[in-house]
Each structure stands twice: as structure tokens, then as C-alpha cells.
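Here are some exercises to work through with the model open beside you. Try each task before reading its solution.

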Amino acid sequence: MRGPGGGANLLALRSHNTTLVLDLLRTAGAEGISRLELAERTGLTPQAVSKITARLREEGLAAEAGRRASTGGKPRTVLRLVPEAGHAVGVHLDRDELRAVLADLDGTVMARRHAPLDLGAGAEAVLARVASVVEELAAAVVDARPLLGVGVALPGPLDHRRGVLHRVTGFPEWDGFPLRDALSERLGSVPVVVDKDTNAVALGLAVGGEGGSFAYLHLGTGLGAGLVIGGSVHRGPRTGAGEFGHQVVQLDGPPCGCGDRGCVEALCLAAVARGELAEAARVLGTGAANLVGLLDIDRVLVGGRTVEGAPGVFVRGVRGVLEARARRTGEGSVGVRVVTGEGRVAEGAAQLVLAPVFGQDG
């Protein structure tokens, strides 16, 4: 597998000013943006912008996109981002499957992989499977551009900063496992970022233009939340925020895999197992209402394979509980929407690597 040299340099993209320029190049798209516009929008001097863009062109990250007529003088040269200048792999490790994508700098998915996985098969087996898929995807970059890194998203709880797993519900053997460092070593020191699946989706949504403050609730083999507050993913000082599924809503309720009783996750999954999706949606809505009351967020987005199997049922159920709460409190209602896409977690995992390149919350 290719060494991390170029990728490591790109990940460290030196200055805040450089990330500002890169982000504007990315948002400008194929039409590009002139150096004068870059200076106006960043507040940098034209000389500083010229130095930054010259370096980006030398590194292959920026290229000319033609000329644009100006109000006076000669036409301005416009620059664009070169999306194929770097790539990231995003991996979604669920309890029973693996999904992975290869994305360019623009976040465009170039290749996908999907395979069954047993998260309980042990660290060695899981690492070998992930490494194999990453190497296969990296080989799909025919022009040998650098692999910036690998983002891995999986059920929490975990320590995002150190890339260490905690007690994944149902898989206590992963507690304390240094997934980030172990996978990076397996891949030949390629940079690796590890986060919860819900945070990865929330980041992908925020990067994709989902503004304001919102919660993404993911119901699949488990239940969790990704929180975006004021445009940034909220992880908390111990990166443990978003363990939504383990809020107790029924004292003396059924036991949960986390060791408690009456958790939202246990009640939701039990209702799904009985085929009572409307009841599962009502329970999910109850948890969502608690979240809205605590954080005063703008929107609730729901997704995951269980939700995608019956999106109408879950939207109606969650919305019904939230609207009932709004009537009681006199507050405005909170919007509810289903987020679809089987590869969304893996795509968000790729953004764990890509977003920081553009100065965004990764």
C-alpha cells in the first residue's frame, strides 16, 4: 500500500489561512474563483493570497479554470480545486456489516464496497477485513494520488480523540481497544480517525449544508444520536455526547445490553422485533422530545436501516410526539425529516478526514 507521505502533509495543511482559501475553492466548484475574490472573502492581502494559491498549485491542489472578464483592466484568472488531488476512505463498521467508500477532496464517491461483518469475531479478524477493503479501495486510484487517511465510524461509546473504543453495547470485548493506532499500523502508518457512526453522519450533513442546530437519530442494529450545535458536531469534553439510546425512559423496564433497564434503545429494538413499528416510532419520539427540551434544537433528522424500511411510520410517530410536546409548552414545533442512503455513515466517515482539510469540524 502507498506510504502516507503526501497524505500526512495534506492533513497538516499548515495554516488557517490556507484552509480558508481551500474551502472557498471547494465551494466555488468547477467555475472557479479569482484571487481578488479570494482576498475579498478571506480578508487576506492579495500578496498573501498569491503566495497561498501558488503553493496550492505547486502541490496540485489548485489549477486554473480559465479567465473571467473584469470591470477594468485585463481579465482575471480564476482558480479551482483539483478534487482528484487527494482521496479518503470512509469505513462504517456495524455489528453485522461493513460499508466503505473512496471519496475525492470534493466528497464525491469514486468507489464503494459492502460486505458482511461479525463485530464479535475479534479484533484481529475485524482489522484484517477492514485493511483488506481499504487497500482494495486505495488501489482504485489509478493515478497514484495520495490517500489522505481513513475515517472509521462505528457504534459508541468511544474516545474520539484517542481513537479508543469503550464498551460497545453487546460487544464488551472491544472495551479499551486502540482501534485508531492498531488500524494505522496495519495500514503502514496511514492516518486514521475514529468516531461514532452518528457523529459521522451528522458531520456529513453539516458539511453538505444542513445548517443550524440539529440532532441526527440513527436506528439500526442499535440507537444513537449525532448532535450539531451552531454548525459544529458536539462531542463533549470526553467525546461521549450522543449516547441517546441509553437514556432511561421506563424505570424497571426491560434490560438493555448496556446493563441498565428501560433504555430507549431496548424499548425501540424490542418493538421492532415484535413488528410494532408505530410503537418503536413513538418511543423514538419520546426520546427525541427529551432531546429537544434539553437542547432547543431546530430539527430532528432520523435515519438508519430500520427507519429507511418504513420512513413514513417513523416520521409520523416522531412528529406526533414532538407536536404534542409543542402544544403543551407553547413552543414552536420542531421539523422532522428522514435521512436516506445506505452508504451515508461511510460517506460521513470519509468527511472525518476531508472536513479538517477545509477548516471544518472533523
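**Exercise 1.** In which hand, left or right, does α9 pass α11?

*Solution.* A word on the model first: it is predicted, with local features requiring pLDDT of at least 70 and side-chain atom pairs counting only at pLDDT 80 or more, while totals for chains, interfaces and linings use all residues. Residues are numbered from 1 along each chain as its sequence is written, and side-chain values use heavy atoms, leaving out hydrogens and water.

Step 1: find the helices, α9 at residues 277-295 and α11 at residues 311-329. Helices are DSSP runs of H or I with at least four residues, strands are E runs of at least two, and both are numbered from the N terminus.

Step 2: the crossing of α9 past α11 is right-handed, that is, the near helix is turned clockwise from the far one by less than a right angle.

Step 3: the two axes come within 7 Å and cross at roughly 40 degrees. Axes here are lines fitted to C-alpha atoms over the stretch in contact, with angles running from 0 to 180 degrees between N-to-C directions. α9 and α11 are therefore oblique to each other; under 35 degrees would count as roughly parallel, over 145 as roughly antiparallel, and 65 to 115 as roughly perpendicular.

**Exercise 2.** Is Asp94 buried or exposed, and with which side chain does Asp94 make a polar contact?

*Solution.* Step 1: look in the loop between β4 (87-93) and β5 (97-104), where Asp94 lies.

Step 2: Asp94 counts as buried because its relative accessibility is 5% (buried is under 20% relative accessible area, exposed over 50%, partly exposed in between, with a 1.4 Å probe and protein chains only).

Step 3: the side chains of Asp94 and Thr221 are joined by a polar contact of 2.7 Å. Such a contact is a pair of N or O atoms within 3.5 Å; within protein, one must be able to donate a hydrogen and the other to accept it, and residues adjacent in sequence count only if both atoms are side-chain atoms.

**Exercise 3.** Which is buried and which is exposed, Thr239 or Asp252?

*Solution.* Step 1: most residues other than glycine have a negative phi. Thr239 has a positive phi of about 55 degrees, and Asp252 has a positive phi of about 65 degrees.

Step 2: Thr239 sits in the loop between β13 (232-233) and α8 (264-273), and Asp252 is also found between β13 and α8.

Step 3: Thr239, at 3% relative accessibility, counts as buried, whereas Asp252, at 71%, counts as exposed.
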